[in-house]
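Hi,

Here is the structure I promised to pass on to you. Have a look at it first, and then read on for what turned up.

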Amino acid sequence: MALAARILLMTAALALAGCGVKGPPEPPPGGPQALSAEHPGPDGKKPDVSKPAVPDRSLWIDKLL
């Protein structure tokens, strides 16, 4: 009985883990990318914030990934 309950709970947890918002993550509310999205740029258009900003330099762990 305990094994069946564990399997049921693990199946439910995996099913719920697959649910969520589709698409790219939103920038943090106080971050520079979110603040730049509020104000139009010099050309009058709002910048595209659908993709996260790429850092200027890479981290040492990037080579491992």
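A residue counts as buried when its relative accessible area is under 20%, as exposed when it is over 50%, and as partly exposed in between. Keep in mind that this is a predicted model.

With that cut-off, how many of the 16 residues of α1 are buried? The count is zero, so this helix is hardly covered. Across the protein, buried residues make up 5% of the 65 residues.

As for the overall layout, the protein has two helices and zero strands. Helix α1 runs over residues 2-17, and its 16 residues should span 22 Å at 1.5 Å a residue. The C-alpha atoms at its ends are 22 Å apart, which agrees.

The protein has an accessible surface of about 6400 Å², and carbon and sulfur atoms account for 68% of it. Leu59, Trp60, Ile61 and Leu64 make a nonpolar surface patch of about 500 Å². Ile61 belongs to the segment that comes after α2 (32-38). Its relative accessibility is 36%, so Ile61 counts as partly exposed.

Enjoy exploring!

Terms used. Residues numbered from 1 in each chain as written. Predicted model: local features only at pLDDT ≥ 70, side-chain atom pairs only at ≥ 80, totals over all residues. Heavy atoms only, no water. Patch = residues over 30% accessible without salt bridge, like charges linked within 9 Å, V, L, I, M, F, W, Y side chains within 5 Å. Areas by Shrake-Rupley, 256 points an atom, 1.4 Å probe, with all protein chains shown as cover. Salt bridge = Lys/Arg side-chain N within 4 Å of Asp/Glu carboxyl O. Helix = DSSP H or I, 4+ residues; strand = E, 2+ residues; numbered from the N terminus. Buried < 20%, exposed > 50% of the residue type's maximum accessible area, 1.4 Å probe, protein only. Expected span 1.5 Å × (residues − 1).
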